[in-house]
Amino acid sequence: MSDQQPRENWHVSKTINITHLLTTMAMLLSALWYLAGQDTRISQAELNIRHLQDQRVQDRETSEKKFDELKTDLRLINSKLDRLIENQTYERP
């Protein structure tokens, strides 16, 4: 008889309480809302990464153009210096 007495104290109801159902639904809805927000943030981050990659490509192209212009200018300066040096050597006999 002592074995049956503790079993009688424990009882699990098979009914579902409406507050538990509403709480579970609210938790599911908030989880879905959170995941939808995560998706939006991930999409925004992807767009920002693409924008930064495009900007890097443009910056690299601009840098290459400026470097080419610098090389051209240095070549012009070098040729002018060579002419000046040649003119000075010819003037001093």
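A salt bridge is a side-chain nitrogen of Lys or Arg within 4 Å of a carboxyl oxygen of Asp or Glu. The legends below apply this term to a predicted model.

**Figure 1. The salt bridge found in the whole structure.** A search of the whole structure gives 1 salt bridge. Asp68 pairs with Lys71 in a salt bridge, and their closest N and O atoms lie 4.0 Å apart. Side chains of opposite charge can pair when their charged atoms come close.

**Figure 2. Asp68 and Lys71 along helix H2.** Asp68 and Lys71 are about one helical turn apart, because 3 residues separate them in helix H2. Asp68 has a relative accessibility of 42%, so Asp68 counts as partly exposed. Lys71 also counts as partly exposed, because its relative accessibility is 34%.

**Figure 3. A nonpolar patch on the surface.** The patch is formed by Ile16, Ile18, Leu21, Leu22, Met25 and Leu28. Together these residues have about 640 Å² of accessible area.

**Figure 4. Ile18, a member of the nonpolar patch.** Ile18 lies in helix H2, which covers residues 18–91. Its relative accessibility is 52%, so Ile18 counts as exposed; the cut-off for exposed is over 50%.

**Figure 5. The protein chain as the setting for the close-up views.** The protein chain contains 2 helices and 0 strands. Of its 93 residues, 0% count as buried. The accessible surface of the protein chain is about 9700 Å². Carbon and sulfur atoms account for 59% of this surface.

Definitions and conventions. Residues are numbered from 1 along each chain as its sequence is written. This is a predicted model: local features need pLDDT of at least 70, side-chain atom pairs count only at pLDDT 80 or more; totals for chains, interfaces and linings use all residues. Side-chain values use heavy atoms; hydrogens and water are left out. Patches are made of residues with over 30% relative accessible area and no salt bridge: like charges are joined within 9 Å, nonpolar side chains (Val, Leu, Ile, Met, Phe, Trp, Tyr) within 5 Å. Accessible areas come from the Shrake-Rupley method with a 1.4 Å probe; for residues, only the protein chains shown count as cover. Helices (H or I, at least four residues) and strands (E, at least two) are DSSP runs, numbered from the N terminus. Buried means under 20% relative accessible area, exposed over 50%, partly exposed in between (1.4 Å probe, protein chains only).
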